[in-house]
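Keep the sequence and the model in view while reading.

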Amino acid sequence: MALPAATTRAAGLCRIAARASSSSAAPGGRRERELPFELAERGMVVGGHRGMGMNAVGAPPGARGGAVRERENTLLSFGRAAALAAVAFVEFDVQVTNDGCPIIFHDDFILTQGTDDVYERRVTDLLLEEFLSYGPQRKSQKVSKPLLRRTKDGRVLKWSTEEDDCLCTLQEVFERVSPRLGFNIELKFDDNIIYHRKDLECALQAILQVVFQYASNRPVFFSTFHPDAARMMRELQSLYPVVFLTEGGTAKHNDSRRNSLDNAIQVCLEYDLHGIVSEVRGVFKNPSAVLRARESNLAFLTYGQLNNVWEAVYVQYLMGVNGVIVDLVEEISNAVVDFSKPDLSTNTLGGGVGTDRAKHQAFSQQQLGFLLRLIPELIEQPH
């Protein structure tokens, strides 16, 4: 079902007609959808992961993803991304506090250091005032709770950043970040909780209330790993695109809808969603899924650590991937601008990179096919 074009958003970044045809129905009776980006005009769009990139707490020195200076998911980080003309949108995680306020925070639990022990609370169990008491405070007289973070291997470390900022709400982000910057709002739910429909709907309605009141003409689209939340958000509104997040078969879940790119495509078609955001390794392991998604008129974007390597992003550009979500926001967005230019030989990023890209441009379809067959084998190799 096509989205209504009765607002000025219809010409905006997030509100374009499906690229395949201007008619209301595609061959075979498939209905056209509107895609969440000006894909036909921009070629590939770049989104900042949690603003200027996620904070890789505990990352080894020199790790590419550990170079982010700003605290993730803050007004400071979003503002820096907005200042980069090549960045189309920022991705951030929205949860709803126990008193019904949508806030920006990625982790399911928030940790702080007490006198002797580490205290851990589920974010959605907190009242708004409690949530905002963590980290730096806007009012100097308020005592802040130091933020800690649990790493994937279970360690609890001090969550320090080179440049810090306060935690914030969804309303504040709409009010204080440049309206030219698109928002990819991830609807965040805990994988370890079975949500009843009324709980999902309550959270989604709280988020929609803020979006409808404050979005104005800003480009907005929703994403989520939760298939039922995606379907419900599509049912609750038809103004903003909804895309399905997937690990693309790189992880296994009890819900089979989450276990492969083929499953993700089926979810999108069944629930009338607008596209897929996949872990990039899943795409390299199953590159033909990009073509199947495009044939189904679905937008296709990726996220993941490999998106911090411009060569990996360039291969996706050749494959027809519509957008990438990255941590090295300035570096990768500039790279995408550079290799998207028609005459690559005249554009350089320094150190002869432009010349290398010009050579890559000469890839034949046969060479690209060989590369795509080789990449899955390389991904599976032990490191």
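Q: What volume does the second largest pocket have?
A: This is a predicted model. The lining of the second largest pocket counts 21 residues. The volume of this pocket is about 380 Å³.

Q: Which residues lie nearest the centre of the second largest pocket?
A: The pocket has a lining of 21 residues. By class, 10 of them are nonpolar, five polar and six charged. Nearest the centre lie Val96, Thr124, Tyr195, Asp199 and Ala203.

Q: Which element gives the largest share of the lining of the second largest pocket?
A: Strand E2 (89-96) and helix H5 (197-214) each supply at least two lining residues. The largest share is five residues. That share comes from H5.

Q: In what order do the four strands of the open sheet lie?
A: Strand E4 joins E5 by five antiparallel bridges. Strand E4 also pairs with E6, over two bridges. The pairing in this open sheet is antiparallel, and the order is E5-E4-E6-E7.

Q: Why is one side of strand E5 and of strand E7 left without a neighbour in the sheet?
A: Strands of a sheet pair through backbone hydrogen bonds. Strand E5 (118-122) and strand E7 (156-158) each have a single partner strand, so one side of each has no neighbour in the sheet. The reason is their place: both stand at the edges.

Q: What is the average twist from one strand to the next in the open sheet?
A: The sheet has four strands, in the order E5-E4-E6-E7. From one strand to the next, the twist averages 35°.

Q: Which residue in E5 is the bridge partner of leucine 111?
A: Strand E4 spans residues 109-113. On the E6 side, leucine 111 stands opposite leucine 148. In E5, its bridge partner is glutamate 120.

Q: How many residues make up the hairpin link from E4 to E5?
A: E4 and E5 run antiparallel, with five bridges between them. A hairpin connects the two strands. The link has four residues.

Q: Which residues line the largest cavity?
A: The structure holds one cavity of 30 Å³ or more. The volume of the largest cavity is about 40 Å³. Its lining divides into three nonpolar, two polar and two charged residues. They are Arg71, Glu72, Asn73, Phe105, His106, Trp159 and Leu167.

Q: Is glycine 182 buried or exposed?
A: Glycine 182 belongs to strand E9 (residues 182-187). Buried means under 20% relative accessible area. The value for glycine 182 is 0%, so this residue is buried.

Q: What distance separates the C-alpha atoms of glycine 182 and alanine 215?
A: Leaving aside residues up to four places away in sequence, glycine 182 touches Ala88, Phe89, Val90 and Pro219. Alanine 215 is 33 residues from glycine 182 along the chain. Their C-alpha atoms are separated by 10.0 Å.

Q: How many of the residues of helix H10 are buried?
A: Helix H10 covers residues 310-319 and is mostly covered. Among its buried residues are Trp310, Tyr314 and Met319.

Notes. Residues numbered from 1 in each chain as written. Predicted model: local features only at pLDDT ≥ 70, side-chain atom pairs only at ≥ 80, totals over all residues. Heavy atoms only, no water. Pairing = 2+ DSSP bridges. Axes fitted to C-alpha atoms, helices over the stretch in contact; angles between N-to-C directions. 1 Å grid on protein atoms, 1.4 Å probe; cavity = no way out; pocket = protein on both sides within 12 Å on 5 of 7 lines; lining within 4 Å. Points joined across faces, edges and corners; volume = space filled by probe spheres on them. Nonpolar A, V, L, I, M, F, W, Y, C, P; charged D, E, K, R; others polar. Buried < 20%, exposed > 50% of the residue type's maximum accessible area, 1.4 Å probe, protein only. Contact = heavy atoms within 4.5 Å.
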